[in-house]
Amino acid sequence: MTNEGLDIVGINDELQDEERLVRDSVARFVDAEVLPVIGRHFADHSFPKDLIAPMARLGLLGSSIDGYGCAGLNAVSYGLICQELERGDSAIRSFVSVQSSLCMYPIFTYGSEAQKLQWLPGMAKGELIGCFGLTESHGGSDPLNMNTTARRRGGDWVINGSKMWITNAPIADVAIVWALTEEGVRGFLLERGMPGFTTQEIERKFSLRASATGALFFDNVVVPEANLLPGSSVGLKAPLSCLTQARFGISWGVLGAAQACLDEALRYTKERVMFGRSLAATQAVQIRLAEMARKIAVGQTLSLQLARRKDRGILTPVQVSLAKWNNCRAAIDVARDARDLLGGAGILAEYAPIRHALNLESVITYEGTETVHQLSLARALTGLNAF
Ligand code: TGC
Ligand code: FAD
């Protein structure tokens, strides 16, 4: 369970009863079903598919959507879900981020009624899995520079190109694919089994080993007009709006990973005796533990503030950039420091910090690298675009 002793700024007191209920039920699920198996999946480089159905039963897939079989929870609850899942492993939170924020959100927000009915109830039940294809191999930070094209042919579209680094690609039933049309970027729903549409798993990752990451290939895939997301405007606005949802969740999630690392560092340094006293009784170690707690508390305060703004409909993308940058940086620093405090034991699979630290190398890169978020904030400050 989340260690309430680590709740320095009293986040728990600021939560509504329903939000606490959501957090605690996800925390129980993570303790009972994620933590016992995640080390094996990380070692085996395999995604724990068996966890999808129980997560769906808890209402964790598309949890912010009202209707279509979804739970209709608020933004704070979504944040808490991400926090608890990532306390288990970033791969599990990644799966839920992609399913909920990057696939169900655009179908709900930009899809036709027929598309919503076709996909959302099954995705909420975890019977249908989605992925989101924006990045291409020649550079993810600048997604407008894409080579994937969609050309009209009669009443259909013909899609050619490829996407790289796509979470859930190997297991997805549907891919939200962003392609360049004559008018600009548009979003399409590509279904597994469409002729010319193939996926390939990326193997031998040192990070997010329990996540299924892959590439998407499109070789003259014929996609009916009914599979265009009709409500999305031309350009990057729609995909960026999906990223804002997912980045918000990540800003909460990474703090769960950081909490797990601080928990482990506290346990270990209290027990480990060095030079006749416990490591935790030395000033240098105490200062490092206090630094970790400070970073987590600041991140939580920021994320809760932004979640309340999200629920009031006044959250801006730049605010989310600040939180994604701040909290990912905080979490990776905490994880690396926790790993160091465990000494040689810190590289063993028995302890969580090395796994979290390795995972966070991906999390600080995807959904906009640290530099991308720094430049977004600086652009807002200066009015000058330095990308
Ligand atoms: P920019 O000027 O920032 O925005 C273009 C237009 O879009 C508007 N906009 C939004 N509109 C609605 N909702 C939002 N949330 C919006 N965010 C932005 C914006 O107002 C603007 O509109 P207008 O009318 O002024 O034109 O666009 P830019 O082209 O300058 O963007 C530059 C940059 C670098 C910030 C952007 O390209 C970027 O974010 N790059 C990073 C790409 C990235 O993050 N890729 C992530 C791929 S998905 C992924 O990694 C999933 S991992 C998932 C997991 O496993 O958990
Ligand atoms: P690049 O864009 O090539 O960046 C390389 C370096 O250059 C970075 O340090 C970057 O900060 C820096 N840089 C770039 N531009 C500038 C600049 N103007 N000034 C200074 N420095 C700059 N994408 C999807 O679409 N869907 C997914 O589901 C998805 N899942 C992912 C899962 C994993 C495990 C990973 C690792 C990635 C995933 N991605 C996904 C892709 C991810 O979003 C990209 O990796 C990310 O956006 C960075 O793109 P890139 O890897 O091409 O790096």
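Predicted model: local features only at pLDDT ≥ 70, side-chain atom pairs only at ≥ 80, totals over all residues.
Good morning, colleagues. I begin with the overall layout. The domain assignment divides the chain into domain 1, residues 4-124, domain 2, residues 130-227, and domain 3, residues 237-382. My first topic is the pair formed by domain 2 and domain 3. Their centres, taken over C-alpha atoms, lie 30 Å apart.

The size of an interface is often expressed as the accessible area that is lost when the parts come together. For domain 2 and domain 3 that buried area is about 740 Å², and carbon and sulfur atoms account for 72% of it. Three residues, Trp178, Ser207 and Leu208, provide 51% of the area that domain 2 buries against domain 3, more than any other three residues.

What kinds of polar interaction cross this interface? There are zero salt bridges between domain 2 and domain 3, but four residue pairs are in polar contact.

Is glutamine 245 buried or exposed? Its relative accessible area is 15%, under the 20% limit, so glutamine 245 counts as buried. Beyond its neighbours within four places in sequence, glutamine 245 contacts Tyr78, Ser101, Tyr105 and Lys310. Threonine 244 also has its place in helix α7. Threonine 244 is buried, with a relative accessible area of 14%. Residues up to four places away in sequence aside, threonine 244 touches Pro317 and Val320.

Aspartate 219 belongs to strand β9, residues 213-224. With a relative accessible area of 53%, which is over the 50% limit, aspartate 219 is therefore classed as exposed. Setting aside neighbours within four places in sequence, aspartate 219 is in contact with Ile159, Asn160 and Gly196. Between aspartate 219 and proline 353 there are 42 Å, C-alpha to C-alpha, and the two are 134 residues apart in sequence.

Alanine 56 is part of helix α3, residues 52-57, and is buried at a relative accessible area of 12%. Neighbours within four places in sequence aside, the contacts of alanine 56 are Leu61, Ala124, Lys125 and Gly126.

My last topic is charge pairing. A search of the whole structure gives 16 salt bridges. In one of them, arginine 93 and glutamate 86 meet through their side chains at 2.5 Å, N to O. Arginine 93 and glutamate 86 are both buried.

Where in the chain do the partners arginine 355 and aspartate 89 lie? Their side chains form a salt bridge at 2.6 Å, N to O. This pair links distant parts of the chain, 266 residues apart: arginine 355 is in helix α10, and aspartate 89 is in the loop between α4 and α5. Both residues, arginine 355 and aspartate 89, are buried.

Arginine 288 and aspartate 340 form a further salt bridge, with their closest N and O atoms 2.5 Å apart. Here helix α8, holding arginine 288, is linked to helix α9, holding aspartate 340, across 52 residues of sequence. Arginine 288 is partly exposed at 26% relative accessible area, and aspartate 340 is partly exposed at 37%. Finally, Asp31, Glu84 and Arg87 are joined into one network by salt bridges that share partners.

Thank you for your attention.

Note on methods: Residues numbered from 1 in each chain as written. Chains lettered and ligands numbered in written order. Heavy atoms only, no water. Domains from an automatic or database assignment. Buried area = accessible area lost by both parts, 1.4 Å probe. Salt bridge = Lys/Arg side-chain N within 4 Å of Asp/Glu carboxyl O. Polar contact = N/O pair within 3.5 Å; in protein donor to acceptor, adjacent residues only side chain to side chain. Buried < 20%, exposed > 50% of the residue type's maximum accessible area, 1.4 Å probe, protein only. Contact = heavy atoms within 4.5 Å. Helix = DSSP H or I, 4+ residues; strand = E, 2+ residues; numbered from the N terminus.
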